[in-house]
Structures are given as C-alpha cells and as structure tokens.
Amino acid sequence: MAILSKIRERSMFLIIIIGLALFAFVLDPSTLGDFFNSSKVNQVGEVNGESISLQEFTAELEAYKQQVGNGVTEMQASKSVWDNIVRKKIYQNQLAQAGITVGEADVWNEVINAPSVKDNPQFQNEVGFFDEVKFKQFLADTKLNNPEMWGAWSNYMTQIRDNGERNTYNNLVTAGLGASLKEGESQYFADNTKLTSQFVFVPYTSIVDSLVTVSKGEIEAYIKAHSNDFKVEESRDISYVQFNIAATTEDENAIKASLSELIEDFKNTSNESVFLSENDSDTSIDDSFKFQREINATVASEIFTGAKGDVFGPYKEQGYFKISKITDVTSMPDSARASHILIPFLGAQRAAADITRTQGEAKILADSILNVVKSNRNKFEDLAKTMSSDLGSGAKGGDLDWFTYNRMTPEFRDFVFEGNTGDIDVVETPFGFHIIKIDGQKNKQTALKLATLSRQIIASEATESAVFQKSEQFALATSKDKKFFDVAKENNYVARPAIGLKVLDENVPGLGNQRQIISWAFSNDTKPGDFKRFDLEGSHVVAFVTAKTEKGLMSAAKATNSVKPILINQKKAKLIGDKFNGSTLADIAKDNNTDVRNASGINLKSPTLSGAGSEPKVVGAMYNAEINKVYKNIEGNRGVYAFAVTNKELPTALPNYETTRKSIAESIKTKTFAIYEAIKNASDVEDYRSNLYTSN
C-alpha cells in the first residue's frame, strides 16, 4: 500500500505510543453528570474528547440491524455498534498522532484487488482480465440508478477503510516488536532449569480464622490501594416475586369437557379439515400417515386397534388436550430406497442461477427421460449422472440410499411409500420434476392418517384474573409500609434476587430478556426501596430495588467476600512468620511442629511443590536464590515458606537460541487484541448510551 513507507518512517514513534499505552495507569473515568448539559444532549459518548453524536450512532445502529436482521436484540446491536465506533475512533486517533492516513488510493486498491471484484466476469474485458474502467462505470451507474445497492457498496468501502486503519496500526506496531537472541536464551534457561530444594511449609489453615479479625476500614484501605482491581460500573440489585399464569386443575377439566362434547360431531363429519377450523383447533390438519411408534404412548395401542372413522380421547400431549379421528388406514413400509433424476425449472426451490427452462419445458424434458428409462432401465444411472441437477445423488446414478417416511418432501414421499418396488414415474415437487424409481421397501406395517382437534392447556380468564389480583394485592401491601420481604414471607411467596444488573443489560436472571425492568430500575426517579408491577408474557412480576451502586470503586460491603480472605491470610502470614526465627530449616520446622520437605525437578514452567500444590511465587523466588542459603517468610498461595535451594541443574547450552527467540516474537505479534485493549484503557472513553435506553 501507499502508506508502507510512512509506516517504516514512523515505526519508532508508534512503538513509543504503544509502550506508553501498555504501561499507563488506567485513567479514572469521569462521571456522567454533565450529560444533561446543553452541549451533551445530542451525544451518546466521547472518545478522547471527540464526540459520538446521536445522529452518527443511530445511523450506524440502523444500518447494523438491517444487515444482521432479527438475529440480535436491541442491546446486542447497540453494544456491537458502540464497540465498532469506539475502536474506529481510537485507531484513527493513534494514526493521526503518528501522522499517518489511510487515503482514498489505499481503499481503492484494496477494493479492486478483492477476489469478489477482480475475478467477477462482470468487470472483465474480452480476454478475461479485470477492467478498472468497467468497474468504475458500474459504480457510477449504481450510484445513479440503484441507491440501495450503492449504500451497500458505500458500507463495504467504509469497512475497507476501517479495517485498513486497524491493520495499518497493528502492522506498524508488531513490525517493531520482536525479541533478541539474549531474550531467547533467557527464556530457554528459565523454562528448562531444574531445581532441587528443601523447604518448610506452614499452611494458613494452621491458624483458625477466629484468631484473626479484619475491620471495614482495612477492607476499604485495601480497595483504595488496589483501585484498578475494584472499579465497578453503575449497577442495581433487585428482588422480585413472580406470579405465573398457569392453568388450574379446574381449567384443565373444563378444556377436557369441551372436547368430549365434540366427539360425536367429529365422528359424523365428512370434512375433518373444515371441522377443525370451525371448532378453533389449536393445531392444523396433518395429512401424513403415522406409525404406532409416532403416536402418544398412552393412546397408541388403543388407536391402532381402531377402524376408520373411530375417535379417541380426550388425551393429554405436550401442553394440549386432543381428540383424534382415524381418517385412513393402510399398510406401508417404514423405510424405502429410491433413485431420482431431478429436472428443475426457473423459480423452483434451490434451482441454480443458470437454470432458464420454464416449468412446461422441464415437464417435457422429464417425460422424455421417463420414456427412455421405462424402455431401458439400464440407462437410468447414466442419465442421472449427466442430466440430474442433484449432483450428490447424480454422481451415484441417482441413488438416495435408504430413508424414512418423513425425510422427503410430501409428493416425493407419497409416491415412494404408497407405491411398490420397481415403480417409476415423474413426480413434481417444489424443487422441480423428479423421475423416481422405487428401488426397495422394508418393514411393512399398519399406518394411519389422523385428524386431531387440539386445545392448548392455558389458564382461563378467571384464573388469569385471580393471578393478577394476587400480584396487585402483593404490590398494594408492599406500598403501605415498603416491607417487601416481610409481605412475601407472610404469603409464602419466593423472592428471587437479581444482583449487579448493568444499565445496558437485557436479561434478568430467572426472567430472561426483560429490558423494561432494567430500564425502570435505572430510571432517575427509581431509588432503593421502590417497587413496580410488570405484566409479562405468562406472568406478573413485582420487582423491588434493594441496592444502588454508583460508578466508581466497589463498596467495602460488596468487596468483603473477595478482600477479607486476602487480608486474613496476610495477617496469618505475619503470625506464622513470627515463628520463623531459626537459622536453619530444621530449627524452623521444629518451632512450627512440622518437617523439612524435599522437592526435585522443580521448574518455572510447572511451579508445583510436592504436598503444597501450585506455588509460582515461591518457585520464582527459588529460581533466583543462592545455593544453600536459607530464605524465610516467603508468602505463597497456600501458606508461608522457608527454603534453601540445594542444586540448580542448568540445561545444555545451545549453539544459538533462534528457535526460542522466534517463538517469543511470534507470541508478541499475535497479541493485537491486547494492544487494542491497552490503548482503549489508556484512552478517555465516555459512554452516555444509558440515556437512550432508560426511562427518566
């Protein structure tokens, strides 16, 4: 690309930038307090002081949703678009600081060298070479006559630019990152040096927790000292009681009785499809045959002893009550083997782009092939290989192997399973015309056609009303004295917690996607102690805000479970260390009522000590220790150690360390995501999207 020379010139400058980014402290994020200032109203965020306007964000959001369709939720789309915009602006900012731009010429070269453009016959000349003039004319015509397609091309070229900026920056940085032979040598020796050591290990569990106390002030001090580990986003904790709307026993009996009243009329009807429609069946007519194994086991034996016209039920199946009428009885195989030659036509399903024959022309061709194979069946395989559009079976002479009744499209299925072995004919399906030859059938047995009238088992209006009243009464009782949990307990309702909900979350644990509840919890008017009833699909929920966490450092109360064990172990380490007074390992072991242990073959790649577990900090100390010198009060993951390294076995020196050097360098160059995350953490990114998605 045209920018490569500029990359080389400024590689050191960019390496300095990335170095600063990797080692910079994460900037303290500012509050969103000034969002509602007049200068912020039309912004959804900022990156290093550059505004992300509402117009820019919503335009990209709509384009993204059109591109992906219904495959993502609103919040998922919002997150993807936000991440893309932030990434783009961060890379643009870094390149601008380096004085590097990805120009129009760079984007154009990428576009015309893309295989989908360069190899497209539409843009090639008479001798098959890419013609740039033709491509330019195509774009000009598209822009003038086809706005929708031009929009797609514009988006594509924008993506090329964005990818070019990202790749340019990453390539520039990784070009300057590598490893020296000395680093390779150091890594080789670190990985392969084996240590033999003696050590004394006193576990933290040797001191009971009750002997150590940790105050709230100590937890708060630890949080402040390790602030980067305890930064939290704004969040809400809620609890909720869910009132499910489910059919009662009385509702089920009423549904069952309503079906029983229709049995005689169902028996006497001559048009089952119309009967199902007129009586509001919740499932439609199924015109396929059924084998006994496919029928509900509770009624299958009874139904398969019946005759045409018999009605069975009501019976319960998968959330429905049903009555079923036998409309046809036959004997058919449960599996069959067939071969076919497929002749599609223009407009048929899955027809290839080069199919231009009409439906009538396809029928004439299929009939002519049928006449040939009927007069000489030996020609079927050769014709399938040369004429069938189903290339998979065509390569096997049209053979489809064995298949079950429900595998094929209905027209194909009916011919193969209701015919006889050896039958051959033309059958039309949505895919075209098939010349089908039945090659085999097995396991003939009774099969039935059933017309089934179904009623979904749902709550009655009376039940729905009763459940609503319960939820409303609970909400009213809560509103009187705000004792949400007391009222729930009095009524034996289960209050479920949802902890740490974020402002742009969608899921409420136990309820699924309930954005409306989260939006309410983050509303400016909602505070801890507030509650609200929500009418969901199939239930009513009364939600109660139990806690509000502001953006910043985690509170001592929420950090206690993670910080307290650390501080307890630190205090235990001090108590244990006070007994490490001896000058030898034997003396230290004696003072602590334990033994001196031996460990051999220890290395940094596998920092495990026998009987103590994984202790990378302790093994790291051993690696740098002097031989036979006693080291004390080394705090590990599981306890306090004293040790003396008795032997350090170095690996055989190599003629050179190029292999290890290359491995280090390649590992560094694959960390482009870590590079971006480092730059992002060192950037000033403000996210105001919550204003778009919360009720105020």
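Predicted model: local features only at pLDDT ≥ 70, side-chain atom pairs only at ≥ 80, totals over all residues.

1. Numbering starts from 1 along each chain as its sequence is written, and side-chain values use heavy atoms, without hydrogens and water.

2. An open, antiparallel sheet of four strands has the order β18-β3-β22-β21. Strands are DSSP runs of E with at least two residues, helices are runs of H or I with at least four, and both are numbered from the N terminus; pairing requires at least two DSSP bridges.

3. Four bridges join β3 (residues 194-203) to β18 in the antiparallel sense. Serine 197 has alanine 599 of β18 opposite.

4. Helix α24 (residues 616-623) packs on the sheet and touches β3, β18, β21 and β22 (639-649), contact being heavy atoms within 4.5 Å. The directions of α24 and β22 make about 40 degrees (N-to-C axes fitted to C-alpha atoms, for helices over the stretch in contact; angles from 0 to 180 degrees).

5. The second largest pocket holds about 680 Å³, the space filled by probe spheres set on grid points joined across faces, edges and corners. A pocket is an open set of points on a 1 Å grid over the protein atoms alone, fitting a 1.4 Å probe, with protein on both sides within 12 Å along at least five of seven lines; lining residues have an atom within 4 Å of a point.

6. Among the 21 lining residues of this pocket, Glu60, Gln67, Asn84, Asn155 and Gln159 are closest to its centre. Helix α8 gives the most to the lining, 10 residues.
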